[in-house]
Amino acid sequence: TGEISGTPTATGTSTFTVQVTDVNTQIASRSLSISIYSGVVITTISLPDGTAGAAYSTTLTASGGKTPYTWSITLGTLPPGLSLNATIGVISGTPTTSGSYPITVQVTDDNLVTNTKNLSITIYNAVAVVTSSVADGTVNATYSQTLTASGGKTPYNWSIISGTLPGGLGLNGSTGVISGTPSTAGTFNFTVQV
């Protein structure tokens with residue numbers, strides 16, 4: 001029948017010459033080659049988190065198969081504001097809505113071999129400092145005030161980016177607690193960052 005068939009066991013390119021002979025013993029031949037590729041596999045382990053209102057970009061990756069690849073989403077939907085470039089596998093845009101978005105991505109190689117993987121993108125609301133003012137204190141009296149925030153992905157990290165705390169007070173970067181025993185009277189202006 002002239003059919004080449006079976007299940008290839010190794011990758012690589014095999015070059016060979018085929019010959020056909022008809023009933024009149026006329027012969028024709030041609031050199032051919034077959035390239036065997038490993039199966040295509042999605043190598044992306046997980047997708048990074050995003051923040052509503054902030055630009056997002058990540059690239060899906062794969063190995064094996066015959067390039068170029070074509071990417072698609074076969075189950076679920078991307079967060080609103082994001083889209084998938086089917087040619088280069090880039091998910092990008094500016095997400096508009098927080099939440100968790102499970103998706104199944106599929107890669108198709110140039111030989112139409114496919115592979116799928118379940119992934120998820122989590123979009124968080126933008127982080128914001130909720131505390132609008134802090135309590136007054138008294139010199140030589142124990143002081144404690146907890147800064148609060150909303151949105152984002154915990155745990156938070158707190159810092160003072162301008163100004164200074166009163167002498168004797170310090171900020172715990174992990175808990176957001178300003179505490180200590182103030183040693184100097186006065187008004188102290190500072191900017192906190194979470």
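A residue is buried under 20% relative accessible area, exposed over 50%, and partly exposed in between, with a 1.4 Å probe and protein chains only. Buried residues make up 22% of the 194 residues in the protein.

The model is predicted: local features need pLDDT of at least 70, side-chain atom pairs count only at pLDDT 80 or more, and totals for chains, interfaces and linings use all residues. Numbering starts from 1 along each chain as its sequence is written, and side-chain values use heavy atoms, without hydrogens and water.

**Overall form.** The protein has zero helices and 18 strands. Both are DSSP runs numbered from the N terminus: helices are H or I with at least four residues, strands are E with at least two. The radius of gyration is 31 Å, well over the 16 Å that the globule rule gives for 194 residues, so the protein is more spread out than a compact globule. That radius is taken over C-alpha atoms, and the rule is 2.2 Å times the number of residues to the power 0.38. Along the principal axes, the C-alpha atoms fill a box of roughly 115 × 30 × 20 Å.

Four strands form an open sheet with mixed pairing, in the order E4-E11-E10-E7. Its edge strands, E4 (50-51) and E7 (70-75), each pair on one side only. Pairing requires at least two DSSP bridges between two strands. E10 and E11 (residues 114-124) run antiparallel and are joined by ten bridges. Ser100 stands opposite Thr122 in E11.

Which residues does Thr104 contact, leaving aside neighbours within four places in sequence? They are Ser72, Ile73, Thr74, Leu75, Thr116, Lys117 and Asn118. Contact means heavy atoms within 4.5 Å. Ser5 lies 19 Å from Ser29, C-alpha to C-alpha, across 24 residues of sequence.

**Contact range.** Among contacts between residues at least 6 apart in sequence, 54% join residues at least 24 apart.
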